[in-house]
Amino acid sequence: MRRLPITVFLTLFLAACSSTHTLETRVTKENYRTVTLAAETQHQADEPYRVWGDDASDFLFNAQDGSTPLKVQGDRLNILALSGGGANGAFGAGIINGLYDSQQLQDYTVITGISAGSLIAPFVFVGGDEIPRLKEVMLGINDKMILGKRNLLNTLIKDAFTNGEQMFEFIEQVYTPEMIEQIALQHQAGRRLFIGTTHFDSEELVVWNLGRIAESDLPNKVTLIHQILAASSSIPGVFPPQFIEVNQGDKTLEELHVDGGLTVQMFFEVVNVDYGKINEALGLTTTPQVHIIRNGMLKVPYQATEDKGVELLSRSLGSMTIQQAKGDLYRMLYFSKNSGLELSFTYMDDEFNAPKATKDMFDLQYMKALYQHGYSKAKSTELWSTEVP
């Protein structure tokens, strides 16, 4: 009898910690590529809402009639890829605003984003008055706003360090239905916005056609877009994953999506795309141009690290991310060379070492300095590079 209160407590504790997202409702190895989005009524000929990173289709070019849904303002096809980077997204925001203020921001027909880049990409896609708002949004991010209540025990018994509610509320407030309607209009004008997430169970990249979703008649399209943006920027263990509902016949299942940076730090090769053929279909003779904004460094700086678990782990993960970004960059350089594209990129200078005022992930003093670093670099003549350091 003396053990009964402990038993009752443990039962209630475990019940409170259990997730409603069970494996019984999860997609399986056999069906995860054949499911459709909930409420999806898409026909086979329609442009897809999403594709897998290794999909063989090319919906941006019709080989039968040599046409493309893309349109270009001017005489060049411009493509922009925005990488992940967490708080380093302030650098990308500075680049974009610096280019905008100096009237150098290109009219990008295709824009892609991963993680922090996924939060910047919609602003560049919509353009206009949204560009100055990007600075306010990115520099307005702080730990309390994004992380909310933190509990280290949750990483052991639940799905993340935080409950993720603050992160999702932030995304709902920033990417309003009105902004999503503007994304739809840009899509209809012949531009494309692609956001990458990681399908966690398969560890594969999923590329979401955000403009197609925005212009669709999906009843949950606003929430779905919020889920995609939250998933793309949700570091597993820190933020909870996003469970996206899908259909297998008449059965409703769930997919688990997390940070796109687990698979790639940046990308612009959307499925089996041939930008050369697209260029011809548009009647252009100028070589397509690709710009990559790497929200981070491309070289691991020397740093004496204390022999402590957290410090060693943090340093190791940072190093792995930088090496992954370099690998992605080499892949894109190889692809562009074979496809006849002109690719250049920009990144945080290796010597950038602004101090932090706090130990927060999103330290305002550091982010302001990083924003200014990007802003100044955008106005200089040494913004774009072609040689990997």
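Me: How many helices and strands are there in the chain?
Reply: The chain has 13 helices and 10 strands. This is a predicted model. Of the 389 residues, 51% are buried.

Me: What share of contacts in the chain join residues at least 24 apart?
Reply: The share is 77%, counted among contacts between residues at least 6 apart in sequence.

Me: Which residues of H2 and H3 meet?
Reply: H2 brings Gly89, Gly92, Ala93 and Ile96. H3 brings Ala116, Ile120 and Val124. By class, this contact has five nonpolar residues, two polar and no charged ones.

Me: Which residues make the contact of H2 with H4?
Reply: From H2 come Gly89, Ala90, Ala93, Ile96, Asn97 and Tyr100. From H4 come Ile131, Pro132, Leu134, Lys135, Met138 and Leu139. The classes are nine nonpolar, two polar and one charged.

Me: Why is H3 said to be largely enclosed by the rest of the structure?
Reply: Count its buried residues. In H3, 11 of the 11 residues are buried, so the helix is largely enclosed. Among them are Gly117, Ser118, Leu119, Pro122 and Phe123. Gly127 follows H3 and has a positive phi, near 70°.

Me: How do you know whether Thr198 is buried or exposed?
Reply: Compare its accessible area with the cut-off. Thr198 has a relative accessible area of 0%. Buried means under 20%, so Thr198 is buried. Thr198 sits in strand S5 (residues 192–199).

Me: What lies 2.7 Å from a polar atom of the Thr198 side chain?
Reply: The backbone oxygen of Asp259 does. Asp259 is also one of the residues that Thr198 touches, not counting those up to four places away in sequence. The list includes Glu203, Glu204, Leu256, His257 and Val258 as well.

Me: Which residues does Asn209 touch, not counting residues up to four places away in sequence?
Reply: They include Glu47, Pro48, Tyr49, Arg50 and Phe59. His187, Arg192, Leu193 and Phe194 are touched by Asn209 too.

Me: What makes Ser380 partly exposed?
Reply: Its relative accessibility is 30%. Buried means under 20% and exposed means over 50%, so Ser380 falls in between and counts as partly exposed. Ser380 is placed in the segment after helix H13 (364–379).

Me: What does the side chain of Ser380 reach at 2.7 Å?
Reply: Ser380 reaches the backbone oxygen of Lys377.

Me: How many residues apart along the chain are Ser380 and Gly98?
Reply: They are 282 residues apart. The C-alpha atoms of Ser380 and Gly98 are separated by 9.4 Å.

Technical notes: Residues numbered from 1 in each chain as written. Predicted model: local features only at pLDDT ≥ 70, side-chain atom pairs only at ≥ 80, totals over all residues. Heavy atoms only, no water. Contact = heavy atoms within 4.5 Å. Helix = DSSP H or I, 4+ residues; strand = E, 2+ residues; numbered from the N terminus. Nonpolar A, V, L, I, M, F, W, Y, C, P; charged D, E, K, R; others polar. Buried < 20%, exposed > 50% of the residue type's maximum accessible area, 1.4 Å probe, protein only. Polar contact = N/O pair within 3.5 Å; in protein donor to acceptor, adjacent residues only side chain to side chain.
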